[in-house]
Amino acid sequence: MDYYNNAFFSICCYNLHLGTERSFDIFSQRMASFLPALAGERRARQRHESGMAPGDRIRMTPNAFCICHIFIRLMKTLRYFGYHLSTLTLSTLFLLTMTSESCADDPSASFARQLYKSYDDYREPALDERRLKYHDIVPLIEKLGEHPHIQLIREGKSTEGRDIFRLIMGTGDTQVLLWSQMHGNEPTATMALFDVFHFLTTDDEFNDIRDEILSNITIHAVPMLNPDGTERYQRRTAFGIDMNRDALQLQAPESRLLKRLRDETDADFGFNLHDQSIRYSAGDTPKSTIIAFLAPAFNEERSINPVRERSMQLIAQLDKMLQEFIPGHVATYSDAFEPRAFGDNIQKWGTSTILVESGGLKGDPEKQYIRKMNYLLLMESFRSIAREEYAGYTIEEYEAIPPNRFRLHSVIFRNLTVPFKEHEFQLDLAVNRTEVNTNGATGFYKRGTVSELGDLSTFNGFEEFDATGLRLDSGMVYPDVFATVNELEAVDVISLMRAGYTAVRVEEPSEGRYTNFPLNIVGPNGRQPSGFKMGRHANLVLRRSEEVAYVVVNGFVVDMADAADAAGKADALANIGNALIYR
């Protein structure tokens, strides 16, 4: 029920308290017309209200409807005998009625909420970082293969000879095929698949749901389809093929394996599980896309046949479910037809295909919350397919999901004064921080660069700063030279920043390309890149008159106003993920 309806009821009840006859009639008529509308409310309701939390939308359940009828009868009886309830009593009764659990009659929402609350019971604890490797999952796969209700098959080998596995569970007629990490640097769903199998193999209060799912569908899951790319944390296979552009020529052994599995299973549904750039937003909003879906097109005309329609219907249901947990953070991926892509072709071959892209969420660098959303959407999918619930959703609901927009930067400074020769310009400046692999792609450091300059009114940042009245300068290198990095322990970093320094010079810098010291380190022959042209390393100072307001070290921002005391200094410096070493 929308807010204006709640206001209407409130006014009526207030008039009831005043004893207005007309309000009894209006209230009763309104209630009499409300119950039939309950069934259609889900469809008519605005699906994507920007910024509204799920609990903000209150609607009346059938139980509340009955209570209101009893409430009216009570009020009429009391009024007949000349009694009036106090305002406090009336308000209390009304609020208890109107705030009845909005989704108590929605078993799908209840199921997702139960999964959400119990997630830690099924989460695979061995996987807690994105840069997982083949050797991390093989023991987990083999352990699952020991379960009496799981069939483990070594389906083939990668280009470099690593086994590729299929896990089969369920006895139903509907075949569901899932594959993750077709691109080696897209691991979020791989972690979630192990959470899903933990749930499906546990014996607890969810057994009735498990039995329902596994008796109606058969799950075929291929975790880590591209193990060679995973070892390098790269998109492509060992010899450089983008597997998702190899559905026609099938040059890669991994591609041939996936095509064979699709044909052998004749899968009714397919889940193509990926990660996308964290820079996508959900529509023209500042909200990052946490999950993007796509029902891939099977031809240039982007026609809709029953196979693709089923994908759209299921995605519409998943969007509805996810709005409770990540409101406004769901989008759709572009449906431009790509004739070489697996998703488009698997849709064409007769499998209703759902592309899932895991995006970005501020404060979730290892994508553990996004992993949880993958777990929820996969379990919701299995249950929906088993019950054919998706058939109750429409193409229009799918099309109402906002599209991906590539509009997010790590940082944006607004209305910054930028000098150039004898000129000064008022503009916006954006910085992006990208990951650089280290230690055989088991770790990474960040590199911050200027990503855009000019009018950025159509873009947003994960962090944004109002730089009105601030002037941009390049960060400087402190002139004194330190012998070793050990001498840096005594340096008052905040004082150097207040003087406009973003780097120190060291005769013998430590090995590697980055440092956890909060200033860049410059070797005896090195130079710190300066300037603010696009692509330059972001080592900047923003001044108000002569006072330094912000310092940017390798794309990380320190607000000098936050560094007023010892605790503030520590917190401010903690914002710097890493600085760089320039030899």
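In which handedness of crossing does α7 pass α13? I began my notes with this question, and I keep in mind throughout that the model is a predicted one.

**Entry 1: α7 and α13**

I looked up the two helices and found that α7 covers residues 188-200 and α13 covers residues 368-387, and that they pack with their axes 8 Å apart at an angle of about 50°. As for my opening question, the crossing in which α7 passes α13 is right-handed.

I then noted who takes part: from α7 the contact draws on Thr188, Ala189, Met191, Ala192, Leu193, Asp195, Val196, Phe199 and Leu200, and these meet Gln368, Ile370, Arg371, Asn374, Tyr375, Leu378, Met379 and Phe382 of α13. Sorted by class, the residues of this contact are twelve nonpolar, three polar and two charged.

**Entry 2: α8 and α13**

I turned next to α8, residues 207-216, which also packs on α13, here at an angle of about 65° and with the axes 9 Å apart. The crossing of α8 past α13 is left-handed. On the α8 side I listed Ile209, Glu212, Ile213 and Asn216, and on the α13 side Met379, Phe382, Arg383, Ala386 and Arg387. In this contact I recorded five nonpolar residues, one polar residue and three charged ones.

**Entry 3: the largest pocket**

I looked up the largest pocket and wrote down a volume of about 1400 Å³. Its lining is made up of 49 residues, of which Gln276, Ser277, Ile278, Arg279 and Lys367 are the closest to the centre. The lining has 17 charged and 17 polar residues, together with 15 nonpolar ones.

Which element gives the largest share of this lining? I found that β12 does, with four residues. Elements that each supply at least two residues include β5 (269-275), α12 (342-348), β9 (352-358), β11 (408-420) and β14 (460-466).

**Entry 4: two positive phi values**

Lastly I checked the backbone and noted that aspartate 266, although not a glycine, has a positive phi of about 50°; this aspartate 266 sits in the loop between α10 (253-265) and β5. Arginine 302, also a residue other than glycine, has a positive phi near 55°, and I placed arginine 302 in the loop that runs between β7 (291-294) and α11 (306-322).

Notes:
Residues are numbered from 1 along each chain as its sequence is written. This is a predicted model: local features need pLDDT of at least 70, side-chain atom pairs count only at pLDDT 80 or more; totals for chains, interfaces and linings use all residues. Side-chain values use heavy atoms; hydrogens and water are left out. On a 1 Å grid over the protein atoms alone, a cavity is a set of points where a 1.4 Å probe fits but cannot get out, and a pocket is an open set with protein on both sides within 12 Å along at least five of seven lines; lining residues have an atom within 4 Å of a point. Grid points are joined across faces, edges and corners, and a volume is the space filled by probe spheres set on the points. Ala, Val, Leu, Ile, Met, Phe, Trp, Tyr, Cys and Pro count as nonpolar, Asp, Glu, Lys and Arg as charged, and the others, Gly among them, as polar. Axes are lines fitted to C-alpha atoms, for helices over the stretch in contact, and angles run from 0 to 180 degrees between N-to-C directions. A crossing is left-handed if the near helix is turned anticlockwise from the far one by less than a right angle, and right-handed if clockwise. Contact means heavy atoms within 4.5 Å.
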